[in-house]
Amino acid sequence: MTVHTHILGFPRIGAARELKLALESHWRGAASEADLEATGRQLRARHWALQRDAGLDYVTVGDFAFYDQVANHIQLLGCEPARFNFAPEQSPLSRYFALARGADTQVAHGDCCHGHQAHEASHHALEMTKWFDTNYHYLVPELSPQTRFSLAGERLLAEVAEAQALGHPVKAALIGPLTFLWLGKEKTPGFDRLALLEQLLPVYGALLDRLKQQGVTWVQIDEPILGLDLPNAWRSAFESTYWQLNQVGVNILLATYFSPLEENLSLTCRLPVAGLHVDGIRAPHELVSVTDWLPAHKVLSIGIVDGRNVWRTDLDAALAVLRPLAARRTGPLWLAPSCSLLHAPFSLATETGLDGEIRTWLAFATEKLTELSLLKDALAGHPDAAALATSRQAIAGRRASARVHRPPVAQRLQTLSPTVDRRDSSFALRQAVQRTRFQLPRFPTTTIGSFPQTTAIRAARASHKRGDLPAAEYERQMRAEIAHAVERQEALGLDVLVHGEAERNDMVEYFGEQLDGFIFTRLGWVQSYGSRCVKPPILYGDVQRPAAMTVEWTVHAQSLTDKPMKGMLTGPVTILQWSFVRDDQPRAATALQLALAIRDEVADLETAGIGIIQIDEPAIREGLPLRRGQWDAYLEWATRAFRIAASVVGDATQIHTHMCYAQFNDILPQIAAMDADVITLETSRSDMELLADFGQFQYPNEIGPGVYDIHSPRIPSTPDMVRLLQKASAVIPPANLWVNPDCGLKTRGWAETEAALQNMVAAARQMRAA
């Protein structure tokens, strides 16, 4: 049997975040487009060389993006929204970044404020939301009856030529036409974006033909929506779509991942393509059925290495799965990670400071390439005995380690009260008590938590981490930064303040560093979107809180002002979702451990006199299983985890939560059941469309819809924010509305932050006056 190895995609940020640094240098004007393009070529060449050196049979081309792979396809398919009014002389790269970051067009106000609003709104960035159930954010295509497609594939074709010039056998990678349309958003009421398929397919066909002319023999086309509960019209479209694309005569490897195929299994196996990739990590129970249904002449690609987590592959277990499948097939077998390695850190090689025992349990993207090679050799009858023995020893060591299980954690879980997740009183009673306590005006203003992480803050943190800055001096500097943030908020006239989170490196990492059961990497970065990278903690064992984590900083901030100071915490589900989580127990059990740790912190903040506590849960929608049949079970334990964390307080303490960059209309009852006193949301990129769902649902508690996009350097005007607040007031009782940005402000500079917040406070005052 022929066994080949390949990957669906590789981390593009580089071993030391070279792409991030190059992007931010270009955006500052310190590097030209040519400089940025040169960095891209260098990174691609290195990553292809890693794939070749690991013995992979193909290098994957088309997985690289300067910001986002969906944004790449918006340009590739010639469907940039007309509202950007791009000039013919604008470079493709400048247009690309305008889609991602917004266009800060300067126009005269003239004598018509309304005209200025319309012009500014036409240049806001594309909406951004989560890529299926990951923490990666993609830019949402805007689709309407006026959308037109045309082939603009020169960048992809040039990258193919680059790889070929370096001597690599190339497999090109594309997002499939049906998944691209599914990921888009209709901008015209009543329009069905599937209607665009007929004019989209010829463009895909032309692109495949160009790739064929370049000598590409395999094209990976990703259709992960085959793992979703699709409407019949979408399911029916697959056969005709791939019949048409198959006529080009290039080998298509259809790739699915993140979810079982279920009712789409037989349909997928019958599609007229040359091969099929399936996720053997998320859907191991379907591998036998896929093997039996897929015609013998087609390639079967099995995602046998976990592309979304950091744990070393149990090679013995993987071979125990693969060998019977190989025996059932006479056709070609390919081995791959379950999905793109975009979701894994770059390499374990630089993590020399990691705990030695735990390090042996791990494999990052580069190491996963080696695992594929080991599996291929073993299947071919040439096992590397030493490597297999090392793997076996690491797997056994992790299972037996006493560091993973902490008896006090298990004991506490067994003694929880049935009412541990309930507040003392209903929201209506709590709201009356809280309004009496805080005496806030209508449309109270606040922020989501973080303020700019300046160069000085980052330098102090790095110096302290290296041991160059003593703890006392570091604390003094952070207290000074907190005082600075409080002073600026008071000068701006904000109603509820935050301490600014100067001492925090990341909203998950900061807490994980202070909880038992976590370990941290030095360079384990993963791209979240654009230049934004996160370094997820590795959650390897039982979680508990040894000591208070935020109380001292928050109490210090409250001592500097008479206004309410919010305590800022990250919620249990978000910590779970944004960590690399242990795979030896159910995620629900880990979430419950995290909830109890956060509950202890909430109790300590309340005892210290903090009256408003925000528990951020931006990832709760992200964690929703892709199959609706699994939703109820997930939502039951996820919302219960939040309530356990929050329900320790009395009626007079106000609990906030924050959620962003996701659609919530299909889980609004469960969001309401979280029973937060105030929820803040990302709504500006959708022009408040998301809030309409909350209005129709008659969401009972208070809401702070984001009135400006913090991910764009564009400074919104007061009239623009007033317009959004007026739209919000039309669907939510004004007495229940808060005014805030979309998200935290750590990535912005102080000048733009103050300008935007000044306009925001002015907008709130206009709304009060009206």
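Me: Which residues have the most contacts inside the largest nonpolar core?
Reply: In this predicted model, they are Trp 131, Phe 149, Phe 180, Leu 208 and Leu 211, in a core of 123 residues. Helix H8 gives the largest share of this core, eight residues.

Me: What is Phe 149 in contact with, leaving aside its neighbours within four places in sequence?
Reply: Its partners include Leu 77, Cys 79, Phe 180, Leu 196 and Val 203. Each is called a contact because heavy atoms lie within 4.5 Å.

Me: Which residues are among those of another core, apart from this one?
Reply: Val 649, Met 659, Leu 725 and Ala 728 are among the 100 residues of that core.

Me: How do you know that strands E9 and E10 pair?
Reply: Pairing needs at least two bridges. Strand E9 (residues 251-255) and strand E10 (residues 275-279) have three, in the parallel sense, so they pair. Ala 255 stands opposite His 277 in E10.

Me: Why are strands E1 and E2 said to stand at the edges?
Reply: The open sheet runs E1-E12-E11-E10-E9-E8-E6-E2. E1 (3-5) and E2 (59-61) each have a single partner strand, so one side of each has no neighbour in the sheet.

Me: Where does helix H8 lie?
Reply: H8 (residues 197-213) lies across E6, E8 and E9, at about 170° to E6.

Key:
Residues are numbered from 1 along each chain as its sequence is written. This is a predicted model: local features need pLDDT of at least 70, side-chain atom pairs count only at pLDDT 80 or more; totals for chains, interfaces and linings use all residues. Side-chain values use heavy atoms; hydrogens and water are left out. Helices (H or I, at least four residues) and strands (E, at least two) are DSSP runs, numbered from the N terminus. Axes are lines fitted to C-alpha atoms, for helices over the stretch in contact, and angles run from 0 to 180 degrees between N-to-C directions. A nonpolar core is a set of buried Ala, Val, Leu, Ile, Met, Phe, Trp, Tyr and Cys residues joined through side-chain atoms within 4.5 Å. Buried means under 20% relative accessible area, exposed over 50%, partly exposed in between (1.4 Å probe, protein chains only).
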